[in-house]
2 protein chains.
Amino acid sequence: MTEAFDAVDLIVAKREHRVLETAAIRWLVDAFTRGAVADEQMSAWAMAVLLNGMERREIRDLTEAMIASGERMSFDGLGRPTVDKHSTGGVGDKITLPLAPLVAVFGVAVPQLSGRGLGHTGGTLDKLESIPGWRADVGTAEMRAQLADVGAVICAAGADLAPADKRLYALRDTTGTVESIPLIASSIMSKKIAEGTSALVLDVKFGSGAFMTDRTRAEELARTMVDLGTDAGVETVALLTDMSVPLGLAVGNAIEVAESVDVLAGGGPADVRALTVALAREMLALGGQPDADPEAALDDGRAMDVWRRMIRAQDGDPDAPMAEARERHVVLAESDGVLLEQDAKSIGVAAWRLGAGRARQGERVQHGAGVLLHAKRGDAVRAGQPLATLLTDDEGRIPRALEVLEGAHVVAPAGTAVPDRPVVAGRIAAG
Amino acid sequence: MTEAFDAVDLIVAKREHRVLETAAIRWLVDAFTRGAVADEQMSAWAMAVLLNGMERREIRDLTEAMIASGERMSFDGLGRPTVDKHSTGGVGDKITLPLAPLVAVFGVAVPQLSGRGLGHTGGTLDKLESIPGWRADVGTAEMRAQLADVGAVICAAGADLAPADKRLYALRDTTGTVESIPLIASSIMSKKIAEGTSALVLDVKFGSGAFMTDRTRAEELARTMVDLGTDAGVETVALLTDMSVPLGLAVGNAIEVAESVDVLAGGGPADVRALTVALAREMLALGGQPDADPEAALDDGRAMDVWRRMIRAQDGDPDAPMAEARERHVVLAESDGVLLEQDAKSIGVAAWRLGAGRARQGERVQHGAGVLLHAKRGDAVRAGQPLATLLTDDEGRIPRALEVLEGAHVVAPAGTAVPDRPVVAGRIAAG
């Protein structure tokens, strides 16, 4: 078969800062998916894109080509608006759990296709699987029925959504070509657009525990994704949020579910509640409910009701006891003062090393493992007071977790001013 | 086995403009050679190097690592100095043929490991194989004996010289990562240093028919290679030469051998003789014969004597008739005037399309094919006068050769000044 383009030409074009035409990008993604462009060619191209960038039109073409590589879902016949949310990932980021039922309270449907964790950021499905009986795999028909009935579904994405993105992502992971805004943005947005949501709220994180530590880069990523959503006809808004400290007090799986249930019961840590409410307001506005009051729905039990129905619909028992770690180790404050730093990345890596996360796809996680914090940044602490409890089923994992926690908690002399860092640091909308 | 380095770390380091330590570069080349670093990782790394560059020390380390991947020859016991020459490749570049015997006349040994052509630049071995019986494969012992006896050998490089370079070059060829000065320089110099020559003269070409069309880039390449040779203890000098027009009048295989024999007989085109003599003077100076007179050795038959012995030593018959093309087509001047341009690249591609070169490794070439020019840039021409004769065994190849020759010859009105472009445009030595 004669190919429409030559892979080397397209690599050289990107290497020389040239703009690729739409047909060239379509061909490249298609040829890569069917094996006519080799991995070593695609990785060289990805490196050229990483170093030389892509224009808005090229990123849109790449996103569309990845969507076209697989099936595209649609919730058009549902009779109510659908709004999805995506977080770029953080430490203690369990927000999807209270958020999806909270938004559904107001008649806005939330089809939340989620992933599993890799590395120091946890995965929503890993967390929910701490609930006895709960099942992540939901077919398209069942998903539609649950959206019509309960209004919210959190489940695993099928393999048929943007398969070209899956292949490209796996390649980028081993070739040092992950950290490219055009490639990250098109990867995330190809899956989200293929899911067929009518609107989308992005939680783009910055700070040590985030994928994108630098705020300016996170803003650029958010802007690129908002543009992509807008160009594809999906109304998209992004919140820029702080991930220099973990969200809430629980970092793990079962303990994050428990904390989410606290928020659904009207309590929970202030930052988890605040971010849940902020994201809910954005989703509700996009879903045509700008005047809805999500705080009330947390306080009066309506969000909890939807949560319980949502868990039961996927065979989970919301009342069953969840796994508890067999071993625990308490980290104590060494001096009196104020907690000045509580490094998100270190705490995320510690939870991962304790068994809450995985190093390789397919590994099992420990549902009871993780780090439970006993103080938040800005709190006054006393020498000897517990700062964190490490949870794991294997005592042998504790030393390497302690190693990474060395220096993660910084206690400053009492009276030291702790600068205020609000969770929601910015908002980016179309235009 | 635990690896000393991680491929992704080294890719990211180069991506982020960091300098790689010696041990890291050694590991990378070794791990790539044994398959522990995958092709898609090496191509991403090569793209990062192409776009972000390497320091002199890194290029030296890369060169040494590629040399270390294979055998290293030595001519130490030969009892006379050895000087090698390398050309970056051009159109009508048959200089090695008269040059090697010419230098050997003065007792300086020339161990000339050569290659076959690919694309529009011909290969020395393809040209010499036009001579009936001549054989390119010469073992190390035979090579040494011929150097001691005749003083010059032109033969194929063994597969054991810098095998890592062979693998990397094949990968670069399909991944748009050829045009990087650090990678080109280390590729050429790893083979030349592994050959064990004590001194080296480089012919670095620029202009349309050269690999590096831009003069400034060619100078940078020359400087990089001179530095690499110097750092490795091989005295190295580079001439920067013009390749905007073909060298001589013959572009092909047998016709280039015939033109070389003309030069060895004291005649031949002025530019071929001039470049042969200039390179010979450099090689002789490095070989301890600064006062030798190469012009005299061309004029009095001494160079021809060595040529005949060199060809016979490799079973060739210097007096046997060579292949002649079955078909010929003459291109005529369309107007009176002066020949202002005679584009080297177009003429090289035409010769290739006529069958003198190959598109893929392993293809056979036609020994009789090529382009024979009847005028040189700057000559006065008359309408209807032959400008070039196309030679091929397949008449069907002529139209595509004519297509690329469209516009290659530019005839300007009589009296138009043709700027003087000397063949040797510059010289670069150590320091």
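Predicted model: local features only at pLDDT ≥ 70, side-chain atom pairs only at ≥ 80, totals over all residues.

Q: How is a pair of aromatic rings described?
A: In general, a pair of aromatic rings is characterised by the distance of the centres and the angle of the planes. Here, Phe5(A) and Trp27(A) form a tilted pair, with 6.1 Å centre to centre and 50° between the planes. The pair links distant parts of the chain, 22 residues apart: Phe5(A) lies in the segment before helix H1 (7-15) of chain A, and Trp27(A) lies in helix H2 (residues 22-33) of chain A.

Q: Are Phe5(A) and Trp27(A) buried or partly exposed?
A: Phe5(A) has 22% relative accessibility and therefore counts as partly exposed. Trp27(A), at 9% relative accessibility, counts as buried, because the cut-off for a buried residue is under 20%.

Q: Why is the pair of Phe5(B) and Trp27(B) called tilted?
A: The ring centres of Phe5(B) and Trp27(B) are 6.1 Å apart and the planes stand at 50°, so the pair is tilted. This pair also links distant parts of its chain, with Phe5(B) in the segment before H1 of chain B and Trp27(B) in helix H2 (residues 22-33) of chain B, 22 residues apart. Phe5(B) is partly exposed, at a relative accessible area of 21%, whereas Trp27(B) counts as buried at 9% relative accessibility.

Q: What else may be read from helix H2 of chain B?
A: Ala23(B) is found in that helix. Its relative accessible area is 36%, so Ala23(B) is partly exposed. The C-alpha atom of Ala23(B) is separated by 55 Å from that of Pro321(B), which is 298 residues away along the chain.

Q: How is the size of an interface expressed, and what area do chain B and chain A bury between them?
A: The size of an interface is often stated as the accessible area lost when the parts come together. Between them, chain B and chain A bury about 1600 Å², with 66% of it on carbon and sulfur atoms. Arg15(B), Glu40(B) and Leu51(B) supply 36% of the area that chain B buries against chain A, more than any other three residues. The contact takes 21 residues from chain B and 21 residues from chain A.

Q: How many salt bridges and polar contacts are counted between chain B and chain A?
A: The count is two salt bridges. In one of them, the side chains of Glu179(B) and Arg15(A) meet at 2.8 Å, N to O. Nine residue pairs are in polar contact between chain B and chain A, both residues being at pLDDT 80 or more.

Q: Which helices of chain B supply the side that touches chain A?
A: Helix H1 (7-15), helix H3 (39-52) and helix H8 (163-174) of chain B each supply at least two residues of that side. The largest share, ten residues, comes from H3(B). By class, the side of chain B that touches chain A holds nine nonpolar, seven polar and five charged residues.

How values were computed: Residues numbered from 1 in each chain as written. Chains lettered and ligands numbered in written order. Heavy atoms only, no water. Contact = heavy atoms within 4.5 Å. Buried area = accessible area lost by both parts, 1.4 Å probe. Salt bridge = Lys/Arg side-chain N within 4 Å of Asp/Glu carboxyl O. Polar contact = N/O pair within 3.5 Å; in protein donor to acceptor, adjacent residues only side chain to side chain. Helix = DSSP H or I, 4+ residues; strand = E, 2+ residues; numbered from the N terminus. Nonpolar A, V, L, I, M, F, W, Y, C, P; charged D, E, K, R; others polar. Phe/Tyr/Trp six-rings, centres within 6.5 Å; stacked < 30°, edge-to-face > 60°. Buried < 20%, exposed > 50% of the residue type's maximum accessible area, 1.4 Å probe, protein only.
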